[in-house]
Amino acid sequence: YLVDTLHSEALAMLYAVNAANMMGCDRLIIETDSLLLKQAVMSNTYDLSQLGAIFGNIKYQFRVGLSDVSVKHCNRECNHAAHTQLHMAQP
């Protein structure tokens, strides 16, 4: 069960990072329209939050599987395709 949208975005990032590691990627650029998610995985500020275990797992995957990780924030308008797909999937 998902707590909120940040929870779903964090799980999506975790799955993406795991997939990149499994494919043998060494460098990774992640773009997200969630500024909070970017802050959570690039600092220790949210480690004790409700989703801290997921954020910690993402950061662990960054450290052990990748030599270079960049997390970039893009405006929601730049992520139009994802939001269009989400809207279209709802009945």
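I started with H7, which counts as buried at 10% relative accessibility. This is a predicted model, so everything I note here is computed from it.

**Entry 1: H7**

I placed H7 in helix 1, which runs over residues 5-22. Setting aside neighbours within four places in sequence, I listed the contacts of H7 as Y1, L2, L51 and I54.

**Entry 2: K59**

Is K59 buried or exposed? I had to look this one up: K59 is buried, because its relative accessible area is 9% and the cut-off for buried is under 20%. K59 sits in helix 3, residues 52-65. What does K59 touch, leaving aside neighbours within four places in sequence? I found A40, V41, S43, N44 and D47.

**Entry 3: helix 3 as a whole**

A reminder to myself: an α-helix has 3.6 residues a turn, so residues three or four places apart point the same way.

**Entry 4: Y46**

I moved on to the loop between helix 2 and helix 3, where Y46 is found. Y46 is partly exposed, with a relative accessible area of 25%. Not counting residues up to four places away in sequence, Y46 touches L36, Q39, A40, G52 and F55. I also took the C-alpha separation of Y46 and L36, which are ten residues apart along the chain, and got 9.3 Å. A40 turned up again here, as a contact of Y46 and of K59.

**Entry 5: stepping back**

I finished with the whole protein, which has four helices and two strands in the order α-β-α-α-β-α along the sequence. Buried residues make up 30% of its 91 residues. For contacts with a separation of 6 or more, I noted that 71% join residues 24 or more positions apart. The protein exposes about 6300 Å², with carbon and sulfur atoms supplying 57% of that.

Conventions. Residues are numbered from 1 along each chain as its sequence is written. This is a predicted model: local features need pLDDT of at least 70, side-chain atom pairs count only at pLDDT 80 or more; totals for chains, interfaces and linings use all residues. Side-chain values use heavy atoms; hydrogens and water are left out. Buried means under 20% relative accessible area, exposed over 50%, partly exposed in between (1.4 Å probe, protein chains only). Contact means heavy atoms within 4.5 Å. Accessible areas come from the Shrake-Rupley method with a 1.4 Å probe; for residues, only the protein chains shown count as cover.
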